[in-house]
Amino acid sequence: MKRKKIFLAIMVVEMILSFLPVFAQEIRTEGGTGMIYYLDSLHGSDDNDGSTPETAYQTLERINGMMLSAHTKVLLKAGSVFFGTLAPVREDSEGFIEIDRYGEGPDPIINGNGNFAAVNLKNLSYIKIANLEVTNIAPEADRTRCGVYSECGGEDTQGGNFKEIYLSNINVHDVTSVYSRTGGGIVFDTRKAAQPVTYENVFIENCRIKDTNANGITFTSAYSKRIGIDWAEMPYTPSKNIVIRNNFVYNCGGDGVFQSCAIDPLIERNVVYGCCWAGDTAYAGIWPHNSANAIMQYNEAYGQALVGGDAQGYDVDINCDNTLVQYNYSHHNDGGFLLICTSGDQGGYNDDVTVRHNLSEEDKGQIFTLSGPITNIKIYNNTVSCQQPPNTRLIGMYQWGNSGGGPNHVSVENNIFSMNGTGFNQFYPDTEYQFRGNLYYGTYNFSDISDSEKKMGDPGFAGDDPIYGISNGSGFRLTKSSVAYQTAKPSQFDDIANEKEMINIGAFS
């Protein structure tokens, strides 16, 4: 009888243990103790314990079915190919979870296989993902699809602030999607919830995104509604500290980089090439929207295609405050260098935009497009060289829609405009604007520009064949014999050079 009881007790213990989660290798991190799990699509098995490279799991489903905790690492073996969606779930809210690679060879691939996303991060904070190749190939572009998708909020959630999300060294390509701003390579999206939803401290760095009908990098929000924007669902609640840095975006049908609804976003050192060609929607290379204190700097945007509209290298769009556009390189964009706009019909605004130390080379269409009731626009110390496109316009000022008027308080100072062509400027009636101390050169018709301190003549660039890239733009630097060399008074808005008596005209000091 006693033996029977012992046997039954052992059976019960074994049954209980069989339902407990399998614990992988324990690791100690700076923040505490966590677990490490290994995945190997070639030699792993979901019957393994995942605790070592030799006993790795095989599929993403094995990880998706687990509740991860802080300080956990999920490592995918180099050379592996996983099909489906990686959708991690966590049981706590703080302490980093890291997803990365291990072993020698090419980065592991996650192919979404036609699902909505290859990597789906739903309501996650404190997560780092690095060193993966991501694709989402389907037989036809019949729905919105993403490579990496982060969604916070949703009808069944409480909402709140989601923070500390880091994506780095992720190669996203071949995402089969319909034309969509909420599809494409990397998408961050806040959705309607019981309480407002925001992101904070999001870093997208050193990623490559190419070959999709949709956007390259998108940051958007349902919490965007305010005067000027009536298509959003929920009252304006901006996210904070969004950093999009050192990414390469190529051949995306929509925008290259689109960032909306944030305070202090930073978009820097990105390259966007050959985008904006999908459907009948107006897209641009790189642009903030509905945000405050945005900085766009040290980027390169070129080859955007004019199909549905816009197609500038850069754009500062509806309801932006205190935007800084500096040290960027724009070339061979069908729509020109820069669009600054807002809709008068919607009552929108766009105030206090500083554009300085940028280089525009061989952009087409219109170098500067100023549209709608935008105010306090300061364009100084930029260089524009346009020798090939014959009909390119330097500047156009317009009313957007049927009301609201055009731009006001526009200052254009100390720029070099070297243009050979037959284009002409377009000014909106009753617009208050000023040109001062610019250098004009070439066959372009500058006669309708009133500039009491203007300079005329060859700017005397140091080289005829500059290397592409603003950091290598030595070809557009000035020789000491140039008429633009140390002959300008600093702009009243220039917080960098305002203590100097004389400075160079153009982008390069």
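**Before you start**

Residues are numbered from 1 along each chain as its sequence is written, and side-chain values use heavy atoms, with hydrogens and water left out. Because the model is predicted, local features need pLDDT of at least 70 and side-chain atom pairs count only at pLDDT 80 or more, while totals for chains, interfaces and linings use all residues.

**Stop 1: colour by confidence**

Colour the chain by pLDDT, the predictor's confidence in each residue, from 0 to 100. The chain mean is 91. Of its residues, 91% reach 70 or more. Now select residues 1–23, where the pLDDT is below 50. Beyond near neighbours in sequence, this stretch has 6 contacts in the model. A contact means heavy atoms within 4.5 Å. Next, select 466–470, where pLDDT also stays under 50. For these residues the model has 18 contacts beyond four places in sequence. Where pLDDT is low, the predicted coordinates should not be read in detail.

**Stop 2: salt bridges**

A salt bridge here is a side-chain nitrogen of Lys or Arg within 4 Å of a carboxyl oxygen of Asp or Glu. The whole structure holds 15 of them.

Select Lys77 and Asp40. Their side chains form a salt bridge, with N to O at 3.7 Å. Which parts does this pair tie together? Lys77 sits in strand β4 (residues 73–77), and Asp40 in the loop between β2 (32–39) and α2 (60–64), so the bridge links parts that are 37 residues apart in sequence. Helices (H or I, at least four residues) and strands (E, at least two) are DSSP runs, numbered from the N terminus. Switch to a surface view. Lys77 is partly exposed at 28% relative accessibility, whereas Asp40 is buried at 3%. Buried means under 20% relative accessible area, exposed over 50%, and partly exposed in between (1.4 Å probe, protein chains only).

Move to Asp92 and Arg90. Their closest N and O atoms are 2.8 Å apart, in a salt bridge. Asp92 is partly exposed at 27%. Arg90 is buried at 11%.

Then take Asp142 and Arg145, bridged at 2.9 Å, N to O. Asp142 is partly exposed, with 46% relative accessibility. Arg145 is buried, with 5%. After that, select Lys122, Glu151 and Arg191 together: salt bridges with shared partners join these residues into one network.

**Stop 3: cysteines**

A disulfide is a covalent bond between the sulfur atoms of two cysteines. The test applied is a pair of cysteine sulfur atoms within 2.5 Å. How many disulfides does this rule give? The count is 0. Select Cys146, Cys207 and Cys252 to see the spacing. The closest cysteine sulfur to that of Cys146 is in Cys252, 12 Å away, so the two are too far apart for a bond. The sulfur of Cys207 also has its closest cysteine sulfur in Cys252, at 12 Å, again too far for a bond. Cys146 is buried at 0% relative accessible area, and Cys207 is buried at 1%.

**Stop 4: the nonpolar cores**

A nonpolar core is a set of buried Ala, Val, Leu, Ile, Met, Phe, Trp, Tyr and Cys residues joined through side-chain atoms within 4.5 Å. The largest one has 90 residues. Select Ile186, Phe368 and Leu394, which touch the most other members. Zoom in on Leu394. Leaving out residues up to four places away in sequence, Leu394 touches Ile367, Phe368, Phe417, Met419, Asn425, Tyr444, Phe446 and Ile449. A second, separate core has 14 residues, among them Leu359, Leu439, Phe461 and Ala497.

**Stop 5**

Select Ser360, in strand β31 (residues 359–361). Is Ser360 buried or exposed? Ser360 is buried, at 1%. Its side chain makes a polar contact with the side chain of Asp363 at 2.7 Å. A polar contact is a pair of N or O atoms within 3.5 Å; within protein, one must be able to donate a hydrogen and the other to accept it, and residues adjacent in sequence count only if both atoms are side-chain atoms. Beyond four places in sequence, Ser360 touches residues including Ser330, Phe337 and Thr383.

Finish at Asn438, in the loop between β38 (433–436) and β39 (439–441). Asn438 is buried, at 0%. Its side chain reaches the backbone nitrogen of Asn414 at 3.2 Å. Setting aside neighbours within four places in sequence, the contacts of Asn438 include Val412, Phe417, Asp451 and Lys455.
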